[in-house]
Every structure is written in C-alpha cells, then in structure tokens.
Amino acid sequence: MGTLWYGGNIYTLQEANHQVEAVFTCADKIVEIGSIQSLEEKYGNEIMSRMDLQGRTMLPGFTDSHMHLIGHGERLIRLDLSNCLSKESVFQAVQQYAESLEEGEWLIGEGWNENLWKKSDPIVAAELDGLVPDHPVILKRVCRHALVVNSLALKAASINENTENPPGGVIEKDKFGKPNGLLKDQAQELVFDVLPEVSEAYLKKALRAAIKDAYKLGFIGAHTEDLNYYGGYEKTFRAFKQVIEEEGKLFRAHLLVHHEIVGEMKNAGQHFLSGDDWIEFGAMKIFADGALGGRTALLSHPYADDPSTSGIAILSQQQLDDLIKKAREFKLPVAIHAIGDLAFEMALNAIEKYPITGEGRDRLIHAQILRKELIDRSKNLPLILDIQPRFLASDFPWVIDRIGEEHMNYCYAWKTLLNEGPPCAGGSDAPIEPLNPFLGIHAAVTRTNINDPEKKVYYQSEALTIYEAVCLFTKGSAYAASHENDRGVIKEGFLADFTILEEDIFKVTPDEIADIAVAQTVIGGQIVFDSKTNTSESPIQ
C-alpha cells in the first residue's frame, strides 16, 4: 500500500527539464513514475493516500555534501555573532550574553567576521578583558580556523610569551612578544584541550536543533564531520544514534571520520559505508591547510595583501602521505580539506602515491584556489570535489586583494570544474556559512553577493545553470557518498526522499532563487516538515 504524489511540477533530475506527472511510493521507496492515469490504472487498489502538490515543485531530496551538523546546532543554541556588522556590536552581544552565565562559566561565541566590518581589525584579548573580566572567553571566527580568547582563557591554557607555535598553528603575538589572544588552526587546540567536557545532553540538544533547521530548509540528509571534537568518537556517535534512530528524528547522516579517531571507528567494527539507511560511515577526514580569512590557507605564492606569509601546511607532505597510506590500509577513501592551491597539490601528490583500490571515491573539500595543471591532474583520478558555492558571496571582493588578481583565473571556478574537472558535490560548510541551500544555488548561478546593493558579478563565465547548481545538492551529494544508484534523482527503486518547493526553481528569475520557500520535506516517504502547519515529523495520513 502506498502514496500517489501528483498535481505539481515534478522534476526527476535524471536529465535537465525531465518531468513526470506523478510518483507512486510504497514505504520508503519510489515504485514507479509516470502519468497519473497509468499509475492509477496500475496501482489503483494499492493507493492508500494521495498527495496533491497543488502546483508546487517536487525535487529529489537535498543533501548537504559538507557540513558540521553538531556545529550547526551549536550555532543555533548559543551565542551567534555571524550577523554582527561591527566590532562594537560583537562586544555588545558578548556583554549581554555574559549576564546569563553562571560564575566562572566559559563564554563561547560563534561566527565573528571582521571582513563585514567597516574597519576590519580583528578582536584581541585586551578588548575582551575589559568586557568580560570574570569568565574565560572563546570567540570562534566564522571560518573556524581562527579564534580569539581573553586573558583568563590564555591562562587556563598555559599560553604565554614563551609558548611556541604548535605544528600547523599560529599563536599571534603583539609588538611586545606577548600573545594577543588570536589563535589560528592547530593553535586553537591548546584552548580546546582545557575546555570543560560537553555532556551528551548538550550534544543531543545541538543535533535536534540542527536537524529541525535542516528540515525547514529542505534537507533530507548531510555529509557531516563531528566525531573528533566533543569528547571522542564513542560519545558523539552515541548521540547521533540516540537522536536519529532512537528518538526518530529521521535524517540521513553520512559521517566523515577524522584521522585522529579513525582507529576507534575500526575497533568498533565499522568500515566504509557500514551502518544503515540513517547513519553510515564515510571517508577519513584530513586537514591539509587552514582558511583564507586568517591567511592560513596554503598558497604556492605569498598573500598579495601580506607578502610575509603564504599560509600554513597543517601537515608535511610526508605526514599527509602517511595518512593516505593508513586510509588505504583501512580500505577507506579520504576527504581532504584543501583551500589553497599548494594544499590541493600536496593532496594530489599523496593520492597519486597511494591510489584508492577499494570502494568509494576520494574527496577534496573546498577547492577554491586552483591552477589549471591541478584541475588536469584531478580529472584523471577517481575524485569528487566538495564545493561550497556560498563562499563566493562571503569572500568577494576582499579575496581578490588577498590572493592577487593575477592568481584568480582558476579560483572559485565552478563552471570550469564541472566542464573539465572531476564531478562536484554541493555543500554549505555550515556553521561556517548559512545552511540554506538556496543561498548557495543563488551564488552559483548569479556569481553575486545577495547583500551587495550593486549586485556586482564576479567572473560571470564561471556561473552555473540552475539545473547544474541544483544537481550539486542532489545528484552530486549522492555520487560523493557512493549512493548514485539509490539517491539523488526521482527514479524507480530510489529512496522516497523529496524536497517540495512553493515556487518552481527553474522558472523564477535568478535573483529570486535565494527567497524560495520549502513547502515540505519528505524522508523515506514521511513528511518531516510542512510549512502550512510549521510542524516536523508529521507522518503521511
């Protein structure tokens, strides 16, 4: 017994503009697609419910190919600084939030971004000391590759003028040689190591908040990397199991596994794609470099706006090679964070030295700053690139001055990658960027910043069609997780996962894409979000 979906614009995404009149589903699978008449004639006695789309648009369910699900939930449940447009507004938010804390409790904020401010000087410890004298403070920059702490937090982490930079990290110092509170990449771990351990209740609260928000944005799942940051593999994985499977917050979570805890995963008897329809294990995650915001992304040339640095190699080439070798011994593909072109080159070197022989595909994440020869090398490998189109809206125009105009030919080059390089999948990197997929699709199609009143277009030749951009979050994500045969399109035998929109995304103007609303989110045949009732987890009646 099943459900007939009809009465709207049903795009299968099997190819551009391919539509059908109706879809018949049974339990969590698509049984058949076709005309309303043919499906009613064939399955009339089995149709127990009818879902009239009322002119709305049905697509395969959206999946974010790269995010941090718990981190996104944290952004929703604690101090969010991402909308602060000045340093002063950050300070005001911090002071107000401090009033709600218990004595001595750590104050943790998320998302400040000095590139949004009129004067782009980063925050330093001395400024926080005067604002919050009684609490250790950590304020994570939007990229999460840099943070600022106050003096109490520096003291708790035993960071002083004699503390050396850890491998792959930077402790910034003032003109007197004393730490100024800014910690970049691996230097952040010095503070993370002394944070009070988070509780399982906290992790579950963050996961619930993240999944609820994902439903509203049309997501049926995500590829997420969280297992190394909240007290270890076992506790974090248990939180996923409890929320998604035991509490029934349906969500298809594909877990990337940080290299530091991949041994724990193996010892627990897990392997690539082990798990079930709701939680499964993916590639081994590795960080090759940092981020552009803090000038820690690893470039093959000095930064144009600071020639004293070309970024940070979090791992040496030998260390990176050794980790790829370890992944192969575990029969795992790898997912390597590589923003700068030199980090990308190092990743390719390691993958070419130890090519994948088992199941799956390697993934290079971000791929923002590239060179033509790197793209040529990539397309000869079983690779997929995880790109985040929304980065264009956040990084331009300042990134041009940072990288240098002469080096921008193959940067944020989404169209070139689709045409010449390996396949691409689309994500947000939430909480670094907003989870909203329509902001990413808008940026990919228009090559503009939605908040720019002048709507300046950056590198128009790299703009994607709407179909190409939507496929990043559907077919692309499915391919990245080796699920191209059961997810990502509307087709017989595939999962009954749908994102239903109020508007037809293929007929609105590009400028209207960012404002498209989700009407319903359907996972495994069940409506988990309905905008009319604003409810989640509503089973089909």
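Close-up 1. Asp 305 is partly exposed at 32% relative accessibility, where buried means under 20% relative accessible area, exposed over 50% and partly exposed in between, using a 1.4 Å probe and protein chains only. This is a predicted model, so local features need pLDDT of at least 70 and side-chain atom pairs count only at pLDDT 80 or more, while totals for chains, interfaces and linings use all residues. Residues are numbered from 1 along each chain as its sequence is written, and side-chain values use heavy atoms, with hydrogens and water left out. The side chain of Asp 305 meets that of Arg 295 in a salt bridge of 3.1 Å, N to O (a side-chain nitrogen of Lys or Arg within 4 Å of a carboxyl oxygen of Asp or Glu). Both residues lie in the loop between β15 and α10 (317–329), so the pair ties together parts that are 10 residues apart in sequence. Arg 295 is also partly exposed, at 24%.

Close-up 2. Helices (H or I, at least four residues) and strands (E, at least two) are DSSP runs, numbered from the N terminus. Here Lys 353 meets Asp 321 in a salt bridge of 3.6 Å, N to O. Lys 353 is in helix α11 (residues 341–353) and Asp 321 in helix α10, so this pair ties together parts 32 residues apart in sequence. Lys 353 is partly exposed at 46% relative accessibility, whereas Asp 321 is buried at 6%. Arg 371 forms a salt bridge with Glu 345, their closest N and O atoms being 2.8 Å apart. Glu 345 belongs to helix α11, and Arg 371 sits 26 residues away in the loop between β17 (362–366) and α12 (372–378).

**Close-up 3. Glu 74 in the covered helix α2.** Take a look at Glu 74, which is found in helix α2 and is buried, with a relative accessible area of 2%. Seven of the nine residues of α2 are buried; elements covering them include β6 (62–67), β8 (107–112) and α7. Contact means heavy atoms within 4.5 Å. Not counting residues up to four places away in sequence, Glu 74 touches Glu 110, Arg 144, Tyr 202, Ala 206 and Tyr 230.

**Close-up 4. Asp 395 in helix α13.** Asp 395 is found in helix α13 (residues 390–395). Asp 395 is buried yet has no salt bridge, and the nearest side chain of opposite charge, Arg 141, is 7.3 Å away (Lys and Arg count as positive and Asp and Glu as negative; His and the chain ends are not counted). Its contacts, leaving aside neighbours within four places in sequence, are Leu 292, Gln 368 and Tyr 412.

**Close-up 5. Asp 28 in a loop.** Asp 28 is found between β2 (19–26) and β3 (29–34) and is partly exposed at 24% relative accessibility. The C-alpha atoms of Asp 28 and Asp 486 are separated by 11 Å, although these residues are 458 residues apart along the chain. Leaving aside neighbours within four places in sequence, Asp 28 has contacts that include Asp 277, Phe 494 and Gly 525.
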